[in-house]
Amino acid sequence: MTEERAMEAALRPKALSDFVGQQTVRRQLSLVLESSRMRGTASDHVLLSGPPGLGKTTLAMIIAAEMNAALRISSGPAIQHAGDLAAILSSLTEGEVLFVDEIHRMSRPAEELLYMAMEDFRVDVIVGKGAGATSIPLELPPFTLVGATTRAGLLPGPLRDRFGFTGHLEFYSEHELELVLRRSSVMLDMNVAGAGFAEIASRSRGTPRIANRLLRRVRDWALVHGVHEVDQATAAAALEMYEVDERGLDRLDRSVLEALCLKFKGGPVGLSTLAVLVGEETETVETVAEPYLVREGLLARTPRGRVATDDAWRHLGLTPPERHPDSLSG
């Protein structure tokens with residue numbers, strides 16, 4: 001795991017000009033950072049939202065590098081008390097970038113402390129308890145908060161409004177993923193044909209993190225089998241061995257579709273029942289498998305439960321059943 005994390009870190013672009021995709025966010029963020037450098041001040045606070053694996057953490061690191069500032073990394077679940085946040089904020093240096101991942105999972109007391117810190121660069125530290133408690137104002141040096149969230153709708157309005165720049169990251173096209181893979185293959189010292197890049201990109205679910213992970217698995221397969229150039233056939237064979245099919249579905253995704261189609265004739269099926277059938281936690285099915293299956297048009301959420309679409313049946317090599325016109329409504 002340590003080697004995997006080190007490899008992921010090595011594959012991250014270090015400058016905004018090297019960051020592939022997200023053209024609109026990249027252009028807007030570049031303007032914000034350039035303006036801050038010209039004024040000689042810390043950048044406005046930045047909120048990055050979007051699905052996992054699209055580059056929010058990488059952009060936070062790039063912001064610190066572009067501003068020539070130190071980077072402090074924390075996460076929402078790790079900040080459960082106002083005192084935890086106060087300790088982090090009070091140790092920041094001028095211009096430092098504080099990156100808080102999954103910021104929507106911070107506790108409410110910590111959020112309220114953050115309001116004043118973001119706006120006035122000041123926090124009130126409570127010393128003592130009960131009637132003898134005293135509030136001591138603590139001045140903070142100007143800093144930049146970069147928040148990342150996969151669920152922007154869970155952020156309270158007062159916190160969201162205090163960010164000077166908000167960027168939403170979209171899924172990548174296959175062409176953009178090929179560019180990511182080409183850059184990564186050079187760093188991994190791999191010889192990959194154009195068709196090999198296309199094959200891996202088509203199975204990467206629009207996500208650079210997944211694309212880089214699959215590229216490393218293809219590298220392993222090619223190394224063990226003595227393949228010196230990864231072409232389409234090599235990439236396909238390697239990914240089939242790792243149970244990633246031509247549409248990017250893995251074992252869990254297919255298990256969900258097979259449970260729906262083979263045991264419940266396509267549904268509708270309740271989420272908890274579906275989770276028991278595939279041997280996973282309800283949250284895992286809902287947050288890991290469902291979003292991609294819905295986005296691919298293979299699964300539908302209805303008021304009565306989950307339903308496999310005709311496309312799902314065909315993907316499994318099965319004949320779709322006759323359906324009532326209203327069976328997929330909702």
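**Close-up 1. What lines the largest pocket of this predicted model.** By residue type, the lining of the largest pocket splits into 13 charged, 10 nonpolar and nine polar residues. The pocket itself holds about 1100 Å³ of space. Its lining counts 32 residues, and closest to the pocket centre sit Pro 51, Pro 52, Thr 287, Val 288 and Pro 291.

**Close-up 2. Helices H9 and H13 at the largest pocket.** Which elements give two or more residues to this lining? They are helix H9, spanning 208-224, and helix H13, spanning 282-295. H13 hands over the largest share of the lining, with seven residues.

**Close-up 3. The centre of the second largest pocket.** Here we move to a pocket with a volume of about 450 Å³. Of its 26 lining residues, Arg 12, Gly 53, Gly 55, Thr 58 and Pro 208 come closest to the centre.

**Close-up 4. Helices around the second largest pocket.** Which of them gives the largest share? That would be H9, with five residues. H9 also turns up among the elements that give two or more residues to the lining of the largest pocket.

**Close-up 5. Residue types in the second largest pocket.** How do the residues of this lining divide into nonpolar, polar and charged? Ten are charged, nine are nonpolar and seven are polar.

Notes. Residues numbered from 1 in each chain as written. Predicted model: local features only at pLDDT ≥ 70, side-chain atom pairs only at ≥ 80, totals over all residues. Heavy atoms only, no water. 1 Å grid on protein atoms, 1.4 Å probe; cavity = no way out; pocket = protein on both sides within 12 Å on 5 of 7 lines; lining within 4 Å. Points joined across faces, edges and corners; volume = space filled by probe spheres on them. Helix = DSSP H or I, 4+ residues; strand = E, 2+ residues; numbered from the N terminus. Nonpolar A, V, L, I, M, F, W, Y, C, P; charged D, E, K, R; others polar.
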